[in-house]
Amino acid sequence: MSLPTPTRDRARLLDQKDGLRRFRSEFAVPSTSQIHSNTLGALGDTVGASAVSQPSTYLCGNSLGLQPTRTSTRIQQHLSTWAAQGVQGHFKPMADSPLPTWLDADAKAAEMIAPIVGGEASEVAVMQTLTANLHFLLSAFYRPEASGRHKIILESKAFPSDHFAVETQIRHHGLSTKSSMITVEMPSSDNTAIATRDVVSAISQHAADTAVLLLPGIQYYTGEFLDIPAITDFAHAHGIFVIWDLAHAVGNVPLRLHDWNVDAAVWCSYKYLNSGPGGIGGLFVHARHSQVTRSFVDEQSDTGFTNRLAGWWGNDKATRFVMATKFHPVPGAAGFQLSNPSILDITSLCASLEVFQEAGGVDVLRTKSVSLTGFLEELLNALPSDVRGKFRIITPSDPAHRGAQLSLLLGDGLLDTVMDALLARSVIADDRKPNVIRVAPAPLYNSYEDCVNFVEALEEALRGASTS
Ligand SMILES: Cc1ncc(COP(=O)(O)O)c(C=O)c1O
């Protein structure tokens, strides 16, 4: 099957006019031969956008972002520093390397990521992984014994890791999930989006004894972008602390966490931030929750700051190496760090954040993203009715309520056949059982023509699926 030629011509024209076009060559787009191969092949064929065969159609940045070509350069610079300097790499800058010393790497990464989440650099820490960070935040801000508020509200279809974190935190405090875990139900099986009004009604119902509200900025299954400022305001009016899981929002949509008065947030960096599988995560803690009001010499060791599960890297830098056993956190989100961070991980993340900076930041990317995802949606909606009838787009159609991703809900039993057929045509998207395909054109490296490739492949796959 193929879309009418004018559609592909239109896509090519849009690509030619795309001001961000050059950034595609900043990424290793797997070639068609690579994605069907079981060997790594020659290095030249593995790294770089100029792979020897045709590029595949990779629309999976919502799951794992592509590798920036400069990542290997930066990692090599890090390895060379380590090889040549050993422990001195902690504090000795290298004149011919752009990398910070290892002692400064976390602060540099926080500076680079702050504009992406809309926080002050001091409100952001690049550390650990999303689920670990969620536990650390809950350990600090979920205090049922002290506050008398014991409930945590989350969505009923939360990403399992969030669900497990909440469940086990509640049990950790000796409470029962039956009475302390409140899940916001979806309106109906036909309408899977979380409406702000459903969240609002759950808050109103449980306002008196709810401690924490945990929601996704963008819901992983439906791709819905929630109204973060409105929900945060409403929860605050009821004395509830709000944590946002930004796994699918960070690097995807503009965020203004400080201005939106968000209490805290967590994210991973391997999706739209392209740091590599399992890459280092991050957290945001609003300045008002991370103040330190006592001095190091104060005898009181547990007042003047929010208690937390602590480690030496969260200790004030000035006294970190004094090796005193009195915890004195650095003010800000950095005070929530525990261990010295993996420099390999931070180097990989920052390589990608350089590309974000050069592209002009998330606001610039968002303009292209809205257009690209809108184009994809338009092509899907224009498919012949016999094919179009086999799936439903469950992502909100209003661009203000979604990011790059569209989620297609297929008819029962079609998913595996369709995914196999897409791969056979060198198209990579991802699936969530039982019936959803998630497809996400990432504005840094995807093109309008990628959208055409996907829709053609999907049409063929769906026709094949019906006859199989
Ligand atoms: C929405 C959401 N929350 C949490 C996680 C878990 O992240 P991690 O494995 O980095 O803790 C993921 C992972 O994909 C996710 O998509």
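Which residue forms a salt bridge with Asp 363? The views below, taken from a predicted model, lead to that pair.

**View 1. The two domains of the protein.** The domain assignment gives domain 1 as 5-55 + 361-467, and domain 2 as 103-347. Taken over C-alpha atoms, the centres of domain 1 and domain 2 are separated by 32 Å.

**View 2. Contact and buried area between domain 1 and domain 2.** On the side of domain 1, 26 residues are in contact with 19 residues of domain 2. About 1700 Å² is buried between domain 1 and domain 2, and carbon and sulfur atoms give 52% of that area. Within domain 1, the residues that lose the most area to domain 2 are Val 362, Ile 394 and Gln 405; together they make up 27% of what that side buries.

**View 3. The salt bridge across the interface.** Asp 363 pairs with Arg 256 in a salt bridge, with 3.2 Å between the closest N and O atoms. One salt bridge is found by the rule across the interface of domain 1 and domain 2. Residue pairs in polar contact between domain 1 and domain 2, both residues at pLDDT 80 or more, number seven.

**View 4. The side of domain 1 that touches domain 2.** Of the elements, α14 gives the most, with four residues. By residue class, the side of domain 1 that touches domain 2 holds twelve nonpolar, seven polar and seven charged residues.

Note on methods
Residues numbered from 1 in each chain as written. Predicted model: local features only at pLDDT ≥ 70, side-chain atom pairs only at ≥ 80, totals over all residues. Heavy atoms only, no water. Domains from an automatic or database assignment. Contact = heavy atoms within 4.5 Å. Buried area = accessible area lost by both parts, 1.4 Å probe. Salt bridge = Lys/Arg side-chain N within 4 Å of Asp/Glu carboxyl O. Polar contact = N/O pair within 3.5 Å; in protein donor to acceptor, adjacent residues only side chain to side chain. Helix = DSSP H or I, 4+ residues; strand = E, 2+ residues; numbered from the N terminus. Nonpolar A, V, L, I, M, F, W, Y, C, P; charged D, E, K, R; others polar.
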